[in-house]
Amino acid sequence: MFVDTPQFAADLAAMDEPERNRAYARVQQWFADHHDKITHHAYLMPPDTATTVRLDRAEPLVSDGPFVEGKEIVSGYAEIEAANLDEALRIAKSWPACPVVEIRPIAG
């Protein structure tokens, strides 16, 4: 999972168009470089578009916005086929964008 921080978002917003295009090109290149390992990926809409359903009450509670109030926001994910954690770490360490990448195995 790719995690944006307030500083990363501010740095991206401060870039001029050519610099931002180069940053996006690095991300596109990362996906191209790892296309043989990526089985699925998606960019998520901003947290203010989220709807949360809380099931820890007698009746489900639906609310606008993300479940967790935090400064770091999961902005997207890529599902990869990796032989082991070492391979997943190698791929994650080459991610050229958000400053935090969380690696999590898929259940099943």
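Trainee: Is H34 buried or exposed here?

Mentor: H34 is buried, because its relative accessible area is 11%, and buried means under 20% relative accessible area, exposed over 50% and partly exposed in between, with a 1.4 Å probe and protein chains only. This is a predicted model, in which local features need pLDDT of at least 70, side-chain atom pairs count only at pLDDT 80 or more, and totals for chains, interfaces and linings use all residues. Residues are numbered from 1 along each chain as its sequence is written, and side-chain values use heavy atoms, with hydrogens and water left out.

Trainee: Where is H34 placed, and what is it in contact with?

Mentor: H34 lies in the loop between helix 2 (17–33) and strand 2 (38–43), where helices (H or I, at least four residues) and strands (E, at least two) are DSSP runs numbered from the N terminus. Leaving aside neighbours within four places in sequence, H34 is in contact (heavy atoms within 4.5 Å) with R90, I91 and S94.

Trainee: And which residues make up the largest nonpolar core?

Mentor: That core has 9 residues in all, namely F2, F8, V27, W30, F31, I38, I91, W95 and C98; a nonpolar core is a set of buried Ala, Val, Leu, Ile, Met, Phe, Trp, Tyr and Cys residues joined through side-chain atoms within 4.5 Å. Helix 2 gives the most to this core, with 3 residues. As for F31, apart from neighbours within four places in sequence, its contacts are F2, I38, H41, A78 and W95.

Trainee: Changing topic, how do strand 3 and strand 4 run?

Mentor: Strand 3 (residues 51–54) and strand 4 run antiparallel and are joined by 4 bridges, two strands being paired if DSSP finds at least two bridges between them. They form a hairpin with 6 residues between them, and R54 stands opposite L61 in strand 4.

Trainee: What about V62, buried or exposed?

Mentor: V62, which is found in strand 4 (residues 61–64), is exposed, because its relative accessible area is 55%. Together with V53 and L55, V62 makes a nonpolar surface patch of about 310 Å².

Trainee: Finally, what does the secondary structure of the chain come to?

Mentor: There are 3 helices and 6 strands, and from the N terminus on the elements run β-α-α-β-β-β-β-α-β. Of the 108 residues in the chain, 20% are buried.

Note on methods: Patch = residues over 30% accessible without salt bridge, like charges linked within 9 Å, V, L, I, M, F, W, Y side chains within 5 Å. Areas by Shrake-Rupley, 256 points an atom, 1.4 Å probe, with all protein chains shown as cover. Salt bridge = Lys/Arg side-chain N within 4 Å of Asp/Glu carboxyl O.
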